[in-house]
Amino acid sequence: MATEEVNKPQSLPPYPEMIVKALEALNEPNGSNKSAISKYIETTYGELPDATVLGSHLNKMKDSGELSFKQNNYMKADPNAPPKRGRGRPPKPKTPLPPGTVVSPPRPRGRPPKDPNAPPKSPKAKATPGSGRPRGRPKKVPRSPAVAAPTAVSSGRPRGRPPKVKPQLTEVSVES
């Protein structure tokens with residue numbers, strides 16, 4: 001058997017390094033877009049293993065501040081540029097405290113914890129409202145039996161929808 005060397009793909013430099021070299025080589029004044037960067041890397045280093053990896057590395061470099069992104073173009077970040085701030089109102093500048101001032105820790109948030117050494121509280125007496133009536137829906141008061149009698153008289157008909165009446169069938173005889 002003949003010994004043949006297997007065609008191994010050449011080891012590529014790290015993506016951030018390839019991206020920076022592509023931006024320097026393209027040297028466009030407004031920056032280079034993603035497709036121009038990927039075409040340069042493919043022509044220089046050969047076929048890329050995965051196209052989505054380039055996009056994720058571009059986003060990581062943009063977030064870390066190595067690249068700046070403007071009008072869909074990536075360019076090397078200007079070292080003299082101020083750091084990019086987030087959206088919304090900027091925070092107020094903090095005034096320096098005079099030396100020798102002791103800063104107390106901020107108050108903890110939320111409800112304070114119960115004191116385990118505190119004596120137990122006595123149950124509170126019920127506070128009656130000013131009107132003297134109890135809260136909520138009033139209790140149902142039963143009626144006297146004399147008042148209930150007239151309502152019990154009915155017309156002999158049951159309550160609700162009457163049942164459906166079925167017609168009676170009669171036998172018809174046929175004579176011939």
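Asn27 sits in the loop between α1 and α2. Helices here are DSSP runs of H or I, at least four residues, and strands are runs of E, at least two, all numbered from the N terminus. Phi of Asn27 is near 50°, a positive value in a residue other than glycine. Asn27 counts as exposed because its relative accessibility is 62%. Exposed means over 50% relative accessible area, buried under 20%, and partly exposed in between, with a 1.4 Å probe and protein chains only.

A word on the source. This is a predicted model, in which local features need pLDDT of at least 70, side-chain atom pairs count only at pLDDT 80 or more, and totals for chains, interfaces and linings use all residues. Residues are numbered from 1 along each chain as its sequence is written, and side-chain values use heavy atoms, with hydrogens and water left out.

Confidence next. pLDDT is the predictor's confidence in each residue, from 0 to 100. The protein chain has a mean of 80, and 82% of its residues reach 70 or more. Helix α1 has the highest confidence, at 91. Helix α4, residues 145-152, has the lowest, at a mean of 54. Over residues 1-6 the pLDDT is below 50, and beyond near neighbours in sequence this stretch has zero contacts in the model. Contact means heavy atoms within 4.5 Å.

Back to the loops. Asn72 lies in the one between β1 (67-70) and β2. Asn72 has a positive phi of about 65°, although it is not a glycine. Asn72 is exposed, with a relative accessible area of 55%.

Now take the next residue, Asn73. Is Asn73 buried or exposed? Asn73 counts as buried, at 16% relative accessibility. Asn73 lies in strand β2. Leaving out residues up to four places away in sequence, Asn73 touches Asn30, Gly31, Ser32, Asn33 and Ser68.

On to helix α2, residues 34-45. Its 12 residues reach 16 Å from first C-alpha to last, close to the 16 Å expected at 1.5 Å a residue. The expected span is 1.5 Å times one less than the number of residues. Which residues of α2 are buried? They are Ile37, Ser38, Ile41 and Tyr45. These residues cover an arc of only 95° around the axis, which puts them on the same side of α2. The arc is that of the directions from the helix axis to the C-beta atoms. An α-helix has 3.6 residues a turn, so residues three or four places apart point the same way.

The face of α2 turned away from the buried side carries the exposed residues Lys39 and Thr43. What covers the buried residues of α2 includes α1 (15-26), α3 and β2 (73-76). Take Ile37. Aside from neighbours within four places in sequence, Ile37 is in contact with Ala22, Leu23, Leu26, Ser32, Leu54, Leu58 and Tyr74. Just after α2, Gly46 takes a positive phi of about 95°.

Then the core. A nonpolar core is a set of buried Ala, Val, Leu, Ile, Met, Phe, Trp, Tyr and Cys residues joined through side-chain atoms within 4.5 Å. The largest has 14 residues, and those with the most contacts inside it are Ile19, Ile37, Ile41, Leu54, Leu58 and Leu67. Helices α1, α2 and α3 each supply at least two residues of this core. Which helix gives the most? That is α1, with five residues.

Last, His57, in helix α3, residues 51-64. At 19% relative accessibility, His57 counts as buried. Not counting residues up to four places away in sequence, His57 touches Tyr15, Pro16 and Ile19.
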